[in-house]
Amino acid sequence: MVLTIDVGNTRIKGAVFENNTALEFFVFDKNELEKRIKNILNKFEKVTDLVVASVGNIGKDSFLVFNNVVNVCFLTNEDCFPFKNKYATPKTLGIDRIVLASGATLQYPNQNRLVIDAGTCITYDFVDENDNYLGGAISPGLRLRYEALHNYTAKLPLLTFEEPERYIGNSTPESMHSGVVNGFVYEIDGFIDQYKTDYLNFIIILTGGDALFLAKRLKNTIFANSNFLLESLNQTFQYKINND
Ligand SMILES: Nc1ncnc2c1ncn2[C@@H]1O[C@H](COP(=O)(O)OP(=O)(O)O)[C@@H](O)[C@H]1O
Ligand SMILES: CC(C)(COP(=O)(O)O)[C@@H](O)C(=O)NCCC(=O)O
Ligand SMILES: [K+]
């Protein structure tokens with residue numbers, strides 16, 4: 001069994017896999033990392049490997065305490081992945097984006113793939129049908145947009161997500177909800193349309209904390225899988241074992 005851990009900039013997510021089947025999913029905060037992983041390893045005694053992708057400020061050292069119980073695999077840009085990395089700065093490419101590209105390559109062979117991860121940031125990653133990773137885009141995620149409006153203005157309140165009633169907001173909160181939520185949806189639909197002008201066929205994988213919310217609202221119909229990064233971690237680990 002494998003325990004996969006995704007340390008994002010907002011939350012930590014985890015899943016226990018037996019071969020390709022996820023047995024249980026977890027979400028937790030940085031401050032409970034050690035306690036929660038201990039509990040998971042106690043519950044699932046057959047876990048032999050702990051596989052981590054971290055873009056947050058939790059490094060490899062935080063996982064070494066588990067080294068005597070399981071084999072710790074802290075993925076980095078130096079590991080082997082199933083695609084050719086064409087990013088001009090491969091060393092600065094986020095490990096979460098690398099793992100998403102890897103999962104897309106392994107799970108959807110011989111086709112163009114666009115992965116959209118709506119988390120703290122929205123990341124777009126494109127792997128073409130010849131398994132070239134081309135790059136994509138990074139923009140602020142939903143909660144970051146609300147926080148930025150409040151933090152960098154004198155008058156705007158800190159709001160949390162609310163469904164905009166109309167696109168012409170007729171109060172400050174309505175205008176902010178329209179700007180943030182509609183802007184978020186329009187951006188993603190706009191990017192997808194842009195890719196459609198350049199590529200005849202590609203599959204779209206939508207993931208991240210806001211994936212389910214988004215899937216219902218996009219003009220482009222897309223199947224959302226909130227667990228794609230955790231599944232990709234498991235697949236990338238199997239790939240690494242077979243190719244190292
Ligand atoms: N319980 C929650 N706590 C925090 N963010 C949440 C929650 N539920 C949904 N979200 C949304 O999910 C986003 C974070 O997604 P996630 O994929 O967990 O981010 P990351 O991988 O960057 O840590 C936030 O921007 C927020 O809009
Ligand atoms: C863009 C990100 C901050 C996204 O992080 P997340 O929203 O998943 O928490 C992360 O992938 C990162 O730190 N990337 C490094 C820069 C790059 O990918 O080019
Ligand atoms: K992201």
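**Note on the predicted model: strands, ligand shells and domain contact**

1. Cys73 has its place in strand β5, which covers residues 71-74, where helices (H or I, at least four residues) and strands (E, at least two) are DSSP runs numbered from the N terminus. The model is a predicted one, in which local features need pLDDT of at least 70, side-chain atom pairs count only at pLDDT 80 or more, and totals for chains, interfaces and linings use all residues. Residues are numbered from 1 along each chain as its sequence is written, while chains are lettered from A and ligands numbered from 1 in the order in which they are written.

2. Cys73 counts as buried because it has 20 C-beta neighbours inside 10 Å; the classes are buried for 20 or more other C-beta atoms within 10 Å of the residue's own, exposed for 12 or fewer, and partly exposed in between, with C-beta atoms placed from the backbone. Leaving aside neighbours within four places in sequence, Cys73 is in contact with Asp49, Leu50, Val51 and Phe237, contact being defined by C-beta atoms, placed from the backbone, that lie within 7 Å. Thr89 is 16 residues from Cys73 along the chain, and the C-alpha atoms of the two are separated by 23 Å.

3. Lys38 belongs to helix α1, residues 33-43, and is partly exposed, because 13 other C-beta atoms lie within 10 Å. Lys38 and Lys13 are 25 residues apart in sequence, and their C-alpha atoms are 15 Å apart in space.

4. The chain is assigned domain 1 (2-74) and domain 2 (84-232), with bounds that come from an automatic or database domain assignment. The contact between them takes twelve residues from domain 1 and ten residues from domain 2. On the side of domain 1 that touches domain 2, two or more residues come from each of β1 (2-7), β2 (12-18), β3 (21-28) and β4 (49-54). That side of domain 1 divides into five nonpolar, five polar and two charged residues, where Ala, Val, Leu, Ile, Met, Phe, Trp, Tyr, Cys and Pro count as nonpolar, Asp, Glu, Lys and Arg as charged, and the others, Gly among them, as polar. Taken over C-alpha atoms, the centres of domain 1 and domain 2 are separated by 25 Å.

5. An open sheet of five strands, with mixed pairing, has the order β6-β9-β8-β7-β10. Its edge strands, each pairing on one side only, are β6 (84-85) and β10 (203-207); two strands pair if DSSP finds at least two bridges between them.

6. Within this sheet, β7 (residues 113-118) and β8 pair in the antiparallel sense over six bridges, and they form a hairpin with two residues between them. Arg113 has Val127 of β8 as its bridge partner, and Ile116 has Tyr124 of β8. Strand β9 (residues 132-140) runs antiparallel to β8 and is joined to it by seven bridges, with Thr123 standing opposite Ile138 of β9. The hairpin of β8 and β9 has four residues between the strands, and in it Asp131 takes a positive phi near 65°.

7. Why is strand β8 described as largely enclosed by the rest of the structure? Seven of the seven residues of β8 (residues 121-127) are buried, so the strand is largely enclosed. Both faces are covered, with Cys121, Thr123, Asp125 and Val127 buried on one side and Ile122, Tyr124 and Phe126 buried on the other. In a regular strand the side chains alternate between the two faces of the sheet.

8. The largest nonpolar core has 49 residues, of which Val51, Val52 and Ile116 touch the most other members; such a core is a set of buried Ala, Val, Leu, Ile, Met, Phe, Trp, Tyr and Cys residues joined through C-beta atoms within 7 Å. This core draws at least three residues from each of domain 1 and domain 2. Beyond its neighbours within four places in sequence, Ile116 is in contact with Ile122, Tyr124, Ile188, Ile204 and Leu206.

9. The shell around ligand 1 includes Asn9, Arg11, Thr120, Arg143 and Asp210, a residue being near a molecule if its C-beta atom, placed from the backbone, lies within 6 Å of it. By class this shell has one nonpolar, eight polar and three charged residues, and at least three residues come from each of domain 1 and domain 2.

10. Ligand 2 is surrounded by 14 residues, the closest being Asn9, Gly94, Gly119, Thr120 and Cys121. Its shell divides into four nonpolar, seven polar and three charged residues, with at least two supplied by each of α2 (95-107) and β8. Domain 1 and domain 2 each provide at least three residues of the shell around ligand 2.

Note on methods. Two residues are in contact if their C-beta atoms, placed from the backbone, lie within 7 Å.
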